[in-house]
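Let us walk through this protein fold step by step.

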Amino acid sequence: MSGVFSQADHYYMARALQLAEKGLYTTDPNPRVGCVIVRDEQVVGEGAHLRAGEPHAEIHALKAAGEQAQGATAYVTLEPCSHTGRTGPCAVALRDANVARVVIAMVDPNPQVSGRGIGILEEGGIEVKVGLLESQARALNPGFIARMSQQRPFVRLKMAMSLDGRTAMGSGESQWITGPEARCHVQRLRARSSAILSGVESIIMDDSRLTLRADQLQLDNAEEVVRRQPLRVILDTRLRLPLAAACLSEPGRTLIITTSDHAAEKRQRLTQAGAEVQVLPAGSDGRIDLVAMLQWLAENEQVNELLVETGATLAGAMLDAELVDELQLFVAPTLLGGEARPLFALPGLSRMADQRRLIIHDMRAVGRDWRIIASPSASGDSKVP
């Protein structure tokens, strides 16, 4: 199934990955997938999955190729599906089109169906090769992979800070630390996310709307993208969210996760104000169990990528529980001073040996600011010996 790939194979798979990126902001909760069909060294069909419920990438490419698909090679960024949902199985469509060869970047991460699409193709006499540009394909769908394989979303933590590591003045005033270019990047992070998570304290302090805004996205299809507002998730153990909170009057859904099942009157008033309230178990500290919360979002809301935009307490708790997959830190060339609010609340770090290490993957200028993309070190390496 795996093997040596030619230069042409790399070229066409790279094109399939480009096509898959077209669905970056619109396929949720489905994966982003691209397909290229090639016959006699000529592209005869291309396709991308753009919206949930619409035809998959392979179907678009087969329709474009028509009869020329017979004897061709199909390049697909994700194993063709083998089940019938809102659309038919793509593996069967490729088999019935009599393609000769299928090159796949990565297998389906869902353990219940992984390999079945490949099996359908091979049983139909089709040559199948897997693993070409796999890392690039995985990078397109970190949330779908996490939800299928770990039953939780991919967690991306976004923070904006001053050069001295502060997020707001002591009074809580924070708008704006970063410039418009950084805010555009944040809007795109929101747009690719299934949900945005914040703590109630941050909402009370900033009255955050947690929405997409077309004028800041700067995308050709911005109006379409903002029609799918990410789910807003607010952790609120004691149901303190004000009934007049701006997020409750915004388009889309606001979900409050709490541990309080006794405040029936406040819960009813929040529901009447436009919120949905979900009671989940409390952890040993009496607060919302973060692991249970992530699992619930994956199972019940099909959350692939979760963007965390919050204050130091919840951000620190997510890091401390090793639930953060990626950090995107926007650093502004300004100083807020020692009385301003810190980036993370990480109690118990009293010695240099306790410090938490990060792996920096990318650092570049974004307008006047800098963006750092990092991930926590592996559990065993997160503390300095």
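The buried residues of helix H2 are covered by parts that include strand E1 (34-39), strand E2 (42-48), strand E3 and helix H3 (90-96). Covering rests on contact, meaning heavy atoms within 4.5 Å. Helices (H or I, at least four residues) and strands (E, at least two) are DSSP runs, numbered from the N terminus. This is a predicted model: local features need pLDDT of at least 70, side-chain atom pairs count only at pLDDT 80 or more, and totals for chains, interfaces and linings use all residues. Residues are numbered from 1 along each chain as its sequence is written, and side-chain values use heavy atoms, leaving out hydrogens and water.

Which residues of H2 are buried? In H2 (residues 57-65), they are Ala57, Glu58, Ala61, Leu62 and Ala65. Buried means under 20% relative accessible area, exposed over 50%, partly exposed in between (1.4 Å probe, protein chains only). Down the axis of H2, the buried residues fall within an arc of 125 degrees, so they line one face of the helix. That arc is taken from the directions from the helix axis to the C-beta atoms. After H2 comes Gly66, with a positive phi near 60 degrees.

Now the rings. The structure holds 2 aromatic pairs. Tyr11 and Tyr12 have ring centres 5.3 Å apart and planes at 80 degrees, so this pair is edge-to-face. Rings of Phe, Tyr and Trp (its six-membered ring) pair if their centres lie within 6.5 Å; planes under 30 degrees apart count as stacked, over 60 as edge-to-face and the rest as tilted. Tyr11 is exposed, at 57% relative accessibility. Tyr12 is buried, at 11%. Tyr12 also forms a tilted pair with Tyr75, 5.5 Å centre to centre and 40 degrees between the planes. Tyr12 lies in helix H1 (residues 7-20) and Tyr75 in strand E3 (residues 73-76), so the pair ties together parts 63 residues apart in sequence.
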